[in-house]
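Please keep the structure open as you read.

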Amino acid sequence: MENPESLEEGLIAKSSLAQPNPIKITNEVGERSGLPESDNSSATPVVVLSTLVAICGSFAHGCSVGYSSPAESGMRADLGLSVTEYSVFGSVLTFGGIIGSLVNGKIADVTGRRGDAWSLYLGRFSLGIGLAIIAYVVPIYVAEITPKNIRGAFTATNQFLIASGLSVMYLVGTVVSWRVLALIAAVPCLLQVVGLFFIPESPRWLAKIGKEKELEATLQCLRGKTADMSMESADIRDYTQTFEKDSKAGIFYLFQQKYAYSLSVGVGLMVLQPLAGSAAIAYYASYIFAAADLLTNIGSISMAIIQLPAIGVSILLTDRFGRRPLLLASTIGMGLSLTIIALAFGLQDTHLWNEATPVLVYIGIMGFSIAYSLGMAGLPSVIMSEIFPINIKGSAGSLVILLHNCSNWIVTYTFHFMMEWSRTGT
């Protein structure tokens, strides 16, 4: 049974002085205790290029999530979509994510890392499947190709690029049509497709399928011609052997008392993330601004500007203060912000102080965006990757992502109906 206090300490692996065993697998990419894994390695041009290509997928992820907010008014006017039809369009991305989450791990292991309305649904659904695979593969690939001493900074770019994609959609969507916005959102996908022909495969995946020569050549390419790869290649082989031996657990193997705490934390955080308001605001911010009689351009531009600095601050504070304090501060801030939004719509419904509604909604959504970015945006995924033992990491991760996408779909599909029922209650 995992110790609950590990969250307070940031769930960082203990030092080799406290561990008698020479090998300790602690996360998705593993590490060798007592023997440094290229601690002095620098970011070579190949590592930088490979990371940039990979996180193009993260940028595309953010663009896809942020697209439905600025595109809503234009699409509903041009195509005559009803509330129900647009709710299906907005939520079908997450439904595709549910399907994708069922196969993302297996695909990564095998391959390496109305007429108009129905066309929209099909495109959005297929996009959701692709994003589910990207969301699984990108952080793993970046972590597996980077040296340990710079791994944290490089993997943090994943969440930063997702936020960047959201911001670009909110910002550009105020000045272009929804059709042009869709083309812009496709650019990072095209860049990634081209870039994939010029980057190496993950060394750990090569070790897993037994390609020893390619493993050595890829490591040398990633670390530089003069780097000594013997220690890191041995670590990768040790990790792969341990992983292959201990990763045979199926989905039903998870439901044991010894895994209850880690599974409860992982599922709880990832399922509550969209239920706490993040999905509704990310997908339908423009609708909320319009409902509050606030100019959508002002709200969208403000959200685009405010998110990136908040994500940057979160990256700087995570290792300094730990996961739990940031999550606590983030959820308190989100709760207060949502209370302000509810109060604003309550005043609007009772006609007591209509003039205050736009201001309060603006303050509430900006506060929510800052609070969410500081913790709940990225930390649940980080914690999920840290708390599961290695023998259940794959099956537990798939289960958590599946349930996360299910809760995401519930929110994105029902949001418009709930707003019509009660804006304050929503």
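A bend at a residue is the angle between two axes, one fitted to the seven residues ending there and one to the seven starting there. Helices are DSSP runs of H or I with at least four residues, numbered from the N terminus. The model is predicted, with local features needing pLDDT of at least 70 and side-chain atom pairs counting only at pLDDT 80 or more, while totals for chains, interfaces and linings use all residues. Residues are numbered from 1 along each chain as its sequence is written, and side-chain values use heavy atoms, leaving out hydrogens and water.

With that in hand, let us turn to helix α6. A bend of about 25 degrees occurs in α6 at Val187, and Pro188 is a proline that follows within four residues. How far apart are the end C-alpha atoms of α6? They lie 27 Å apart, which agrees with the 26 Å that the 18 residues of α6 (178–195) should span at 1.5 Å a residue; the expected span is 1.5 Å times one less than the number of residues. Pro188 is also one of the buried residues of α6, together with Trp178, Leu181, Ala185, Gln192 and Gly195. Here buried means under 20% relative accessible area, exposed over 50%, and partly exposed in between, using a 1.4 Å probe and protein chains only.

Next come the charged pairs. Side chains of opposite charge can pair when their charged atoms come close. A salt bridge needs a side-chain nitrogen of Lys or Arg within 4 Å of a carboxyl oxygen of Asp or Glu, and by this rule there are two.

| Salt bridge | N to O distance |
|---|---|
| Glu72 – Arg76 | 3.6 Å |
| Asp78 – Arg179 | 3.6 Å |

Glu72 and Arg76 are about one helical turn apart, because four residues separate them in helix α2 (residues 45–79). Glu72 counts as buried at 4% relative accessibility, whereas Arg76, at 25%, counts as partly exposed. Arg179 also counts as partly exposed, at 46%.

Phe198 sits in the loop between α6 and α7 (203–208) and counts as exposed at 62% relative accessibility.

Finally, Ser262 belongs to helix α10 (residues 260–291) and is buried, at 1% relative accessibility. Its side chain reaches the backbone oxygen of Tyr259 at 3.2 Å.

Conventions:
Helices (H or I, at least four residues) and strands (E, at least two) are DSSP runs, numbered from the N terminus. A polar contact is a pair of N or O atoms within 3.5 Å; within protein, one must be able to donate a hydrogen and the other to accept it, and residues adjacent in sequence count only if both atoms are side-chain atoms.
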